[in-house]
Amino acid sequence: MKHSILKTTVAALALAVSAGAALADKAEGQLNVAFTKELENVDSYFNSSREGVVMQRAVWDGLIYRDPATNEYKGNLATSWEWIDDTTLEFKLREGVTFHNGEAFNADDVVYTVNFVADEANGVKTQRNVNWMKSAEKIDDYTVRIYLKDKFPAAIEFLSGPVSIYPNEYYAEAGPTGMGLKPVGTGPYKVVSVVPGQHFVLEKNEDYHDSPKGQPAIDKVDIRTIPDVNTQIAEMFSGSLDLIWQVPADQAEKLGQMGQFTVANESTMRVGYLNMDAAGRSKMDPNPFTDVRVRQAVNHAIDRKTIVAALLKGQSKVVSTPCFPSQFGCVQDVTVYDYDPEKAKALLAEAGYPDGFETEFYAYRNREYAEAIASYLNAVGIKTDFKMLKYSALRELNMKGEVPLSFLTWGSYSINDASAMVSQFFKHGSLDDARDDQVLADLNVADSATDPDTRIEYYDKALKRITAQAYWAPLFSYNTNYVFKTSVNYTPTADEVLRFTTMSWN
Amino acid sequence: MAESMTNTATDKLDPLLEEITGPTPGQLLWRRVFGHRGLMIGAVVVGILTVIAILAPLLAPHDPYAQSLLARMKPPVFLGGTWEHPLGTDHLGRDYLSRLIYGARVSLLIGVVAAAISGLIGTAMGVAAGYFGGRVDAVVTFLINVRLAMPVVLVALAVVAILGGSLTVVICVLGLLLWDRFAVVMRASTLQVRQREYVAAAEAIGASVPRILLTEIMPNIANNLIVVVTLEMAHAILLEAALSFLGLGVQPPTPSWGLMVSEGKNMMLFEPWLVLIPGAVLFALVLAINLMGDGLRDVTASENRS
């Protein structure tokens, strides 16, 4: 009873305050958005955060665009493309496009950008995004060829994602620092001000070309960095914010019940999983995780359905593969482990641990989920010494192979291809705790084959082997909650990218 | 205020009887203790919480570690919940009352043990400095200054970040950090007592140094020690809560009040009781210990004895 009175009071207060503010916003046509983290660098090639990806899609364009609704590839800065051979792509470019600073877009920009980012010496932050390209060559003003180092079937996907085209004259002069301070692209929004750590302001590009991204409707977007979710919510109440995202499930649910906000939920490609030291790289001795029965026991011990239903909610799903189900090659016909604590105990006993064992358990995000997982493990006798680290610290430990058991996640950079996840972790790299030769061989074939059927066949083999051996315990996919005022019209997409272009005022 | 009240209370007792026999010093002490309201309130609260902590397994209605994800954040009885969970459940569906009860163990354990460790270190240093003077005093004073120059929370954070948080680490870190007030107070008290005739007398009859320290000095500075012990206990409990709140104290699933506040923080706008309940209990314990310390100082202070 008291509870509802409290809620009504909060809601009434919020309404009273927001009424004035909302009117002012609409008059100016400015959308106020908050990000939890600050941008590392506005120059998208020197940034690896999700916030930077959002900026990149708003300010710049790629040659190709993948329609998030249909997953169909459409020409953006290129109008058409074709494979000349396995390692050569030829593009016809769109004519009449100009950059925000007035510079005309043509083949020189593409050639300059590709040659710049493909050169490892220039230090692009996420090398995987660009290191498959060798160079680019201008055929004529509106025709360009991109040469690949090796066969790379996911090239189109990458060109529609992280590879955006920069203005050659401006970039040559300003460099990454200048681009970070005063970004110039061809995108639907231009950057009018950047105050690092505080906010940046985007303004509608009135001369935006006829792009598959659509034409921007909202005049101005002001994005502020507000690290604390409670502060963001308080600002939503007071009306000084119009849209927040990545809102934790519990809070989003409560905000939805208040009736004055739209709460939209979309799945993301991020998959949470438990990584186990199957190859025995850590100092743990004896290392129970080298026994397949122990790894299967871990898989059986966790009630993933309940975790998804009670903690993640929304569009999250139980995942049984070491890749996101929508990714190309992420075959779902694999060994699935049901929640069965009795079986888990039996497997542990069979492996010689009738009373369970004690292990370090590392995590870096979603403490709540990690605690729930630890509690399930404790219930079957696996006692956890819980350690919460920063992402970079845990990644370093993982690379050194010093982690027996950890709760990790991977977002695949929103690339809709299984190679972006399974091949990232099972090809004997520093993060591979399975080190299975057979999996390596299968993935090598799958990653470089150009024939889709061959790729599927070999991913299928690799995934079957990985799940049968229970190298990981794949858990669930993540979702993102978007909360915005009812005056904002927006339909989020499944790739965890905020698209201001598709937003409008009601 | 409290002192004058105590005195008037004593005066009223039975002046005639007192004139004839006169109460013993022990009787006087107890009279002052029972007449001191703050001390009584503090002692009762601390006493109750101690009993709760010791009897936790008998009192807790549920297993504090048993999670039930389908019964998350059930409200407490007074906000429309059920008696199944009188204080509701936390973000993993664990019984809040049971976690609160077990949390008392963590808080009191840390308070008592950290105060004991730092008390031992600080008293030894302070008494040595006060009694021997000279170079010993110079060294101890230097160490106290060094220690006072270090911000406790920052050092504790750094150490815990390097060693990893656990109950043992937190106790040790706090025990090794909080001895400064003991050293300062014990040194000053020893300096005073050192000048007294009875110490000179003991020295004159050829008593050994340990004997003088233990039988002449210590009993006469013990009242100051007790006060510092209570203050440092409260200090240690608060620091543990702060460290746990920052995720660097005791690790989950151990129930700790600081951790509970931290876990409830995200839902503060919608379910404020998640923060208020552990916060209130923490406040009550620290306040009670401080009241007890103040009261003990009042009733044992020498000006009250005559």
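Helix 6 of chain B and helix 12 of chain B cross in a right-handed way. Please keep in mind that this is a predicted model. The axes of helix 6 (residues 96-132) and helix 12 (residues 209-245) of chain B are 8 Å apart, at an angle of about 140°. Because angles over 145 degrees would count as roughly antiparallel, helix 6 of chain B is described as oblique to helix 12 of chain B. On helix 6 of chain B, the contact includes Ser107(B), Gly111(B), Ala115(B) and Tyr131(B); helix 12 of chain B contributes, among others, Leu213(B), Leu225(B) and Met233(B). Sorted by class, this contact has 13 nonpolar, five polar and two charged residues.

## Where the chains meet

## A sheet in chain A

Chain A has an open sheet of ten strands with mixed pairing, in the order 8-9-10-1-11-16-12-15-13-14. From one strand to the next, the twist averages 25°. Here are the two edge strands, each of which pairs on one side only:

| Edge strand | Residues |
|---|---|
| Strand 8 of chain A | 189-195 |
| Strand 14 of chain A | 382-388 |

Elsewhere in this sheet, strand 12 (residues 261-276) and strand 16 (residues 472-485) of chain A are antiparallel partners, joined over twelve bridges. Val271(A) has Ser477(A) in strand 16 of chain A as its bridge partner.

Methods:
Residues are numbered from 1 along each chain as its sequence is written. Chains are lettered from A and ligands numbered from 1 in the order in which they are written. This is a predicted model: local features need pLDDT of at least 70, side-chain atom pairs count only at pLDDT 80 or more; totals for chains, interfaces and linings use all residues. Two strands pair if DSSP finds at least two bridges between them. Helices (H or I, at least four residues) and strands (E, at least two) are DSSP runs, numbered from the N terminus. Axes are lines fitted to C-alpha atoms, for helices over the stretch in contact, and angles run from 0 to 180 degrees between N-to-C directions. Angles under 35 degrees count as roughly parallel, over 145 as roughly antiparallel, 65 to 115 as roughly perpendicular and the rest as oblique. A crossing is left-handed if the near helix is turned anticlockwise from the far one by less than a right angle, and right-handed if clockwise. Two residues are in contact if their C-beta atoms, placed from the backbone, lie within 7 Å. Ala, Val, Leu, Ile, Met, Phe, Trp, Tyr, Cys and Pro count as nonpolar, Asp, Glu, Lys and Arg as charged, and the others, Gly among them, as polar.
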